[in-house]
Amino acid sequence: MSTEAGPSSPPPAPAAAPAPADGAEGEKKKEPVVILCIGMAGSGKTTLMQRLNSHLNSRNSPPYILNLDPAVSHMPYSANIDIRDTVDYKEVMKQYNLGPNGGILTALNLFTTKFDQVLGYVEKRAESVDYILVDTPGQIEIFTWSASGAIITDAIASSLPTVVAYIVDTPRTTAPATFMSNMLYACSILYKTRLPFIIVFNKIDVQPHDFALEWMEDFEAYQAALNDKSRDEHGEGSYVNSLMGSMCLVLEEFYNNLRAVGVSAMTGEGMKAFFDAVEEGRKEYEADYRPELDRLAAERAAQTEADKKAQLERLMRDMNVSDSATATGSRPSAGGRRGDNPFGPHPINEREDRYMDEDGYDEDEEEVDEEEQEAIRRQAEEEEEDADAQELGALDVQEPEIGGLPPMGSATGGGTGRGMSWPRPA
């Protein structure tokens, strides 16, 4: 029996190994996906957010919702974190004397200063939700090309799997020029955020998105649509056609690696295809984006550590502290002067008035400038000679001869003394 128990012991070890793996997979499933909804004004972002919220609640998987649009007047859903609860958009316009776009940008900047707290709340709920929905301002350029938008996007993407959903107004995209404008903007956002990207053609209940998918897959179909449109226009049609055709060829690689789905925020059509694309975006994030983010984070940490080390070495070099001194400690000199000077890197005994120190100066401790010491010694001797010199009065000094005449009061001067007259000039 014991011999059977021995061989039977190895199987539990492999059986125990899959348990952590299953647990790890369970933890990965619990990690939510952040869906960042971006789109132009009127594309239906807020309505689509309501449809996504309703769809997830019907699956008993309510999402965690963030609203970053401070100017929205009415939301058909309730947000867990709402920028309007923190920043008053109209009050910002009054205080800073701004217009609508400037007020939205300033409100977003003010909210970004506290976004670390927002991210803390999101991370606390990360284990209990599957999706985090983020609604952005309708003025797309305010979020995509501002510093605050980049900070928010990078902060979210560095913590949780993030997918960008670019919402397109399908009925307004039937014109080839408008379609190309939307694709160029989507391409710019993709390369700006560098995150998994989904183009969501909204309002397919009004206009199906089949024509858009065909134009993305077939250049000739898009060129034919351009030619048909040019017959209805005048003037600059030929130039616009050549420009749009060139743009379509440039974006061919962009189309090949792009996920595009059609949804209806009103009817709920296309929800399954949308969440399938989100799941593909999560896998892409885990495979491609997370390793890159980890590599960039490691490089930033290494650069920060190198900067700290360089600053410390520069500080020690400025303070004239060698590596050996820092390792063994500096040897204090007589009187404890060396290493006790808090006012600079130079020892106290290198001052010009060091000879006035109470303990004197020890030549064995420091190297002395002989010329400087000789100059100080000569100055001291001169001061002593001046102090010992005898003071003479005015009567002790003999008057010099002036103009070749004998001194006044001398015997050779006729005894006239100071009363003698000067000779009259000839």
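User: I'd like to learn how to read strand pairing. How many bridges join strand S1 to strand S4, and which way do the two strands run?

Analyst: In this predicted model, strand S1 (residues 33-39) and strand S4 (residues 131-135) are joined by 5 bridges and run parallel.

User: What is the order of the strands in the open sheet?

Analyst: The idea is to read the strands across the sheet, from neighbour to neighbour. Here 7 strands form an open sheet with parallel pairing, in the order S3-S2-S4-S1-S5-S6-S7. At the edges stand strand S3 (81-82) and strand S7 (259-262); each has a single partner strand, so one side of each lacks a neighbour in the sheet.

User: Which strands pair with S5?

Analyst: S5 pairs with S1 in the parallel sense over 6 bridges, and Cys37 stands opposite Ala165 in S5. S5 also pairs with strand S6 (residues 197-202), again in the parallel sense and over 6 bridges. There, Ala165 stands opposite Ile198 in S6.

User: Is strand S5 largely enclosed or left open by the rest of the structure, and why?

Analyst: To judge that, we ask how much of each residue can be reached; buried means under 20% relative accessible area. In strand S5 (residues 162-169), 8 of the 8 residues are buried, so the strand is largely enclosed by the rest of the structure. Thr162, Val164, Tyr166 and Val168 point one way from S5, while Val163, Ala165, Ile167 and Asp169 point the other way, and all are buried.

User: One last thing: how many residues apart in sequence are Asn109 and Ser148, and what is their C-alpha to C-alpha distance?

Analyst: Sequence and space are two separate ways to look at a pair. Asn109 and Ser148 are 39 residues apart in sequence, and 5.5 Å apart in space, C-alpha to C-alpha. You will find Asn109 in helix H6 (residues 100-112); at 35% relative accessibility, Asn109 counts as partly exposed.

How values were computed
Residues are numbered from 1 along each chain as its sequence is written. This is a predicted model: local features need pLDDT of at least 70, side-chain atom pairs count only at pLDDT 80 or more; totals for chains, interfaces and linings use all residues. Side-chain values use heavy atoms; hydrogens and water are left out. Two strands pair if DSSP finds at least two bridges between them. Helices (H or I, at least four residues) and strands (E, at least two) are DSSP runs, numbered from the N terminus. Buried means under 20% relative accessible area, exposed over 50%, partly exposed in between (1.4 Å probe, protein chains only).
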